[in-house]
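The tour goes from one selection to the next and says what is found at each stop.

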Amino acid sequence: MTTILVTGATGRVGRHVVDGLRAAGVTVRALVRTPDLAGLPPDVELIKGDIYDPTAVRRAAADVDAAFLLWPSFSADGAADVVAELPRRVVYLSALSASSGGVWADVEELLRDVGKEWTFVRPGGFAVNAQGWATEFRTGDVVRVASPEAGRSLIHERDIAAVAVLALLNDQHIGQVYDLTGPAVLTQAEQIRTIARAIGNEMRVEALSDAEARQAMLDLGADPILAESSVAYWASLVDNPEPVTTTVTELTGRPALTFAEWADEHAAEFRVLSAAEVADRYVDALSTGRLDQALALTAPEVVRVAPLETGGEEIEVKGADAILENARRLSADIEYLGVDIVGPLLLDNHFAVRFTFDQLDVRTGTRSHTTKLSLCTVESGQVTREEVFYYTPPKP
Ligand SMILES: NC(=O)c1ccc[n+]([C@@H]2O[C@H](COP(=O)([O-])OP(=O)(O)OC[C@H]3O[C@@H](n4cnc5c(N)ncnc54)[C@H](OP(=O)(O)O)[C@@H]3O)[C@@H](O)[C@H]2O)c1
């Protein structure tokens with residue numbers, strides 16, 4: 001039986017790689033930082049660890065036949081020690097821009113130098129990057145973007161994963177470099193209009209100046225060098241649009257997915273959902289362990305009031321990052337064995353859900369049930385407030 005290690009398995013490409021390998025009957029092992037928040041199918045073997053920790057990678061790679069490598073850093077520092085722990089056969093999620101250097105070229109070189117049986121999957125820009133416009137779509141009728149006429153050949157994340165899965169399963173792909181793009185060039189303005197069509201809305205497109213675009217990226221926490229180079233790159237695409245490759249079709253035997261198909265699949269992320277839709281999606285996400293999907297339904301400034309999580313002292317946690325951090329802290333020593341969910345119960349723009357967790361404290365070996373009631377408020381299609389009441393509070 002073949003076992004394949006997937007790194008970045010909870011990411012946008014990685015989840016599809018996991019699905020593709022499982023569909024092919026392969027045993028999948030995933031290296032994840034927070035197993036209880038991974039939301040991966042139960043038959044995936046989870047190894048807890050950080051990709052930057054060679055010891056964790058050694059544990060994860062023990063006896064696997066091949067690995068899918070996602071190196072999440074913008075620097076290759078530490079990559080040599082990690083690459084040394086990988087199996088001989090590695091499919092690396094690189095980038096089209098590896099041909100002009102950067103971290104992707106550095107990691108490729110490492111894989112070549114240590115004699116791995118490598119395949120480099122080099123996608124151009126991901127269609128899923130368009131999620132960055134979701135807030136403007138939901139809150140107004142204008143999207144402001146740098147270089148609206150920049151021509152891009154964005155690729156669907158499922159196509160990247162489909163090629164990676166083929167490469168992982170067939171030795172004929174050893175030593176191959178696959179440049180992947182979507183099937184056509186669309187300007188950024190055309191992409192915005194395509195999403196608008198998918199949700200049945202009219203959206204105006206306004207150009208950001210280069211300085212405004214740089215500042216917008218910095219405000220989102222981007223690295224200054226990346227912000228500078230991205231803005232210059234988009235400007236260059238107005239006269240010299242990105243190339244289109246036919247690699248996805250040649251390898252998979254079907255046409256590459258279009259941006260319109262991507263927009264149809266992701267339409268719900270760009271429109272204002274009703275309170276009932278938010279409630280159903282929120283509960284679905286939590287019942288399958290997809291905290292990431294649940295948090296995607298929350299407003300950036302969402303407030304979570306959880307009076308008992310610190311043992312009685314009322315705490316308010318603000319923002320998705322802080323909520324995720326709180327969840328990581330609470331679940332650090334807990335293994336969730338199951339969850340029973342009642343709800344959502346809806347009243348106007350509020351909904352309630354009761355969760356009963358069957359859980360094991362791995363420090364003490366104690367198995368217990370914790371019941372909590374969440375009361376959520378929905379405004380403009382997003383959860384803006386969640387109040388949590390515990391029947392059996394977790395230990396702080
Ligand atoms: N976006 C683009 O246009 C584009 C184009 C070409 C290439 N790429 C490359 O594609 C890759 C991103 O792929 P993606 O969008 O599928 O990823 P993603 O959705 O951003 O997810 C990142 C994944 O990496 C994992 N991860 C992050 N830091 C980790 C760590 N320290 N230890 C273990 N796991 C860690 C995350 O796991 P957790 O669940 O623990 O967070 C998650 O599974 C990057 O290497 C990027 O350079 C992107």
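Domain bounds, as used here, come from an automatic or database domain assignment. This is a predicted model, in which local features need pLDDT of at least 70, side-chain atom pairs count only at pLDDT 80 or more, and totals for chains, interfaces and linings use all residues. Residues are numbered from 1 along each chain as its sequence is written.

**Stop 1: the two domains.** Select 3-268 for domain 1 and 275-390 for domain 2. Their C-alpha centres lie 29 Å apart. Seven residues of domain 1 are in contact with 13 residues of domain 2 (contact: C-beta atoms, placed from the backbone, within 7 Å). On the domain 1 side, the touching residues are two nonpolar, three polar and two charged. In these classes Ala, Val, Leu, Ile, Met, Phe, Trp, Tyr, Cys and Pro count as nonpolar, Asp, Glu, Lys and Arg as charged, and the others, Gly among them, as polar.

**Stop 2: the seven-stranded sheet.** Colour the strands in the order β3-β2-β1-β4-β5-β6-β9; they form an open sheet with parallel pairing. Strands (E, at least two residues) and helices (H or I, at least four) are DSSP runs, numbered from the N terminus, and two strands pair if DSSP finds at least two bridges between them. β3 (45-48) and β9 (177-180) each have a single partner strand, so one side of each is left without a neighbour in the sheet. The twist averages 20° from one strand to the next. Angles run from 0 to 180 degrees between N-to-C directions, with axes fitted to C-alpha atoms, for helices over the stretch in contact.

Now select 89-93 and 117-123: these are β5 and β6, parallel over five bridges. Val-90 has Trp-118 in β6 as its bridge partner.

**Stop 3: the ligand.** Which residues are closest to the ligand? They are Thr-10, Gly-11, Val-13, Arg-33 and Ala-95, from a shell of 22 (near: C-beta atom, placed from the backbone, within 6 Å). The shell has twelve nonpolar, seven polar and three charged residues.

**Stop 4: the six-stranded sheet.** Show β13-β12-β17-β16-β15-β14, an open sheet with mixed pairing. At its edges stand β13 (316-318) and β14 (334-347). β14 runs antiparallel to β15 (residues 350-361), joined by eleven bridges, and Glu-335 stands opposite Leu-360 in β15. Finally, select 275-287: helix α12 lies across β14, β15, β16 (366-379) and β17 (382-390), at about 170° to β14.

Note on methods. Two residues are in contact if their C-beta atoms, placed from the backbone, lie within 7 Å.
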